[in-house]
Amino acid sequence: MRDVVFTRGSGWMPTVIREDGELKVMLAAGADANHEPRTFTVPIGEAHLAVIREDLARHLLLWSAVLPLCDAAGTRGRLDEDAAVALLDPVLLSLPADVDALFRRIRWDRSRLVAHGADVALLDRGQVCRAMRAATEVPNEKCAQEDHANRRRAARGRVLGPLDAAILRYTGQYLHGATVPRRMPDAVDPALLPQVMRVIATAEQACAGMRIGLDPRRGNRATDKHDWDRTAATVDAAVRRAYPELVDDAVRTVSFLMCAEVAERSRSTPVEDGHADLGESAKTALTFTDDKGGEKTWRRDGPRTASAEFWEFVADRSGTDNEVFTIEDEPMGEGVQLHFYADSIARITTVRPGEAGSDPQYRVEYRLVDGLAGYRSLVDAFVRGGCAALDRHGPWISDVAEFERARRRRPGR
């Protein structure tokens, strides 16, 4: 038989119950193996109940002190009841100075106290009882999240100034640096918003006209890392030059915001519109293949360029186990093979077709490729003029061993 004797507020605050005639504090903490909340109980006396009933601050302090014991129980372990009972008198019945001394010796959950109105500066000085004088029953979880974020930055040696903090709030990255940034002017103190907007304007001017294309080698939505890094570096340099006092976190979040917006604008631009006019292809038909048996044929009388259709084919088919793609002009006996895993390309020319049952003879030449832009240039050149048009994009290496040595000497390998 379980009866609720006293409860306060809402949510997870510990409740006093009477179970089979015995007073207990019941609280939910952590989760079991099925991700359901675990419930723990600790036996208490009438004196403890009286304090919990009358003193919100002591109630919260007890919760903060017991939570680490619940966490230690994990998904299926037992609560260390003796340790929990040993906390009752020191937390609920001791003088404030003794409570402060206790909290300097034990593990406790800071976030619960901050969420319920603790004075952060007093907590930092170890004065937990004074810090809880303005405690509230209703929690503000955002306060706890901000405190955690500030402490995480402090551990990295980051101290935010007012403008730094305002910029992070504007982009929505004050609490979580991994969050995709967005514009949130209402989150900024109105007095600081004009300064924030001047920083943003500097960043916008720096990256005006820049483009972050898609990288079809990594699917239909992935952005080109080289374009992204180039845009970020441009914004970073401009903002640091204009506002040298900003900390790295603030500059980084502005760069992230600009890159995300440039990438989104680029996604809405058709592939053909993002590159120079290729003119009419010299090819009438091309066959695209991959390492997994995929095949697609492009014809010049179709609605799209060969390059656009090839990169769409790559985006639809590429993966960590599918990184070799070929463009072939069968009637002309030539083609190119792209090796994404090795940042290289091969151009293949038929020297002698197979006759009377003999195998055809091919000339294969290799070249290192610098990023997606390099691949695009080579594909565009092949589409316009075949293997002959690739001559000026050399050097081309026909010896496989020599090419492999060149690849291994490449920086970053």
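Thr-326 counts as buried, at 13% relative accessibility. This residue belongs to strand β7, which covers residues 324–329, in a predicted model. The protein has an average pLDDT of 91, and 95% of the residues score at least 70.

- The side chains of Thr-326 and Gln-337 are joined by a polar contact of 3.2 Å.
- Apart from neighbours within four places in sequence, Thr-326 is in contact with Thr-287, Phe-288, Thr-289, Phe-310, Val-336 and Gln-337.
- Leu-338 lies in strand β8, residues 334–339, and counts as buried because its relative accessibility is 0%, where the limit for a buried residue is under 20%.
- Not counting residues up to four places away in sequence, Leu-338 touches Phe-310, Trp-311, Glu-323, Val-324, Phe-325, Ser-344, Ile-345, Tyr-375 and Val-379.
- The C-alpha atoms of Leu-338 and Asp-164 are separated by 45 Å, and these two residues are 174 residues apart along the chain.

- Arg-217 is placed in the loop between α10 and α11, the latter being residues 225–242.
- With a relative accessibility of 19%, Arg-217 counts as buried, since the limit for that class is under 20%.
- A polar contact of 2.9 Å links the side chain of Arg-217 to the side chain of Asp-215.
- When residues up to four places away in sequence are not counted, Arg-217 touches Val-314, Ser-318, Phe-340, Asp-343, Gly-371, Leu-372 and Tyr-375.

**Packing of helices α2 and α3**

- The axes of helix α2 (residues 56–73) and helix α3 (residues 81–92) come within 10 Å and cross at roughly 155°.
- The two helices are therefore roughly antiparallel, as angles over 145 degrees are classed in this way.
- The crossing of α2 and α3 is right-handed.
- On the α2 side, the contact is made by Arg-58, Leu-61, Leu-62, Ala-65, Val-66 and Leu-69.
- On the α3 side, the contributing residues are Ala-83, Ala-84, Leu-87, Leu-88, Val-91 and Leu-92.

**Backbone exceptions**

- Most residues other than glycine have a negative phi, and most peptide bonds are trans.
- His-35 is not a glycine, yet it has a positive phi of about 70°.
- His-35 is located in the loop between β3 (22–31) and β4 (37–43), and it counts as exposed at 71% relative accessibility.
- Asp-343, also a residue other than glycine, has a positive phi near 50°.
- The position of Asp-343 is in the loop between β8 and β9 (344–352), and its relative accessible area of 24% makes it partly exposed.
- The peptide bond from Gly-394 to Pro-395 is cis, with omega near 5°.
- Pro-395 is found in the loop between α14 (371–385) and α15.

**Confidence in the model**

- Confidence is highest in helix α10 (residues 193–206), at a mean of 98, and lowest in helix α15 (residues 400–409), at 89.
- Over residues 272–278, pLDDT stays under 50.
- For residues 272–278 the model has 9 contacts beyond four places in sequence.
- Where pLDDT is low, the predicted coordinates should not be read in detail.

Methods
Residues are numbered from 1 along each chain as its sequence is written. This is a predicted model: local features need pLDDT of at least 70, side-chain atom pairs count only at pLDDT 80 or more; totals for chains, interfaces and linings use all residues. Side-chain values use heavy atoms; hydrogens and water are left out. pLDDT is the predictor's confidence in each residue, from 0 to 100. Helices (H or I, at least four residues) and strands (E, at least two) are DSSP runs, numbered from the N terminus. Contact means heavy atoms within 4.5 Å. Buried means under 20% relative accessible area, exposed over 50%, partly exposed in between (1.4 Å probe, protein chains only). A polar contact is a pair of N or O atoms within 3.5 Å; within protein, one must be able to donate a hydrogen and the other to accept it, and residues adjacent in sequence count only if both atoms are side-chain atoms. Axes are lines fitted to C-alpha atoms, for helices over the stretch in contact, and angles run from 0 to 180 degrees between N-to-C directions. Angles under 35 degrees count as roughly parallel, over 145 as roughly antiparallel, 65 to 115 as roughly perpendicular and the rest as oblique. A crossing is left-handed if the near helix is turned anticlockwise from the far one by less than a right angle, and right-handed if clockwise.
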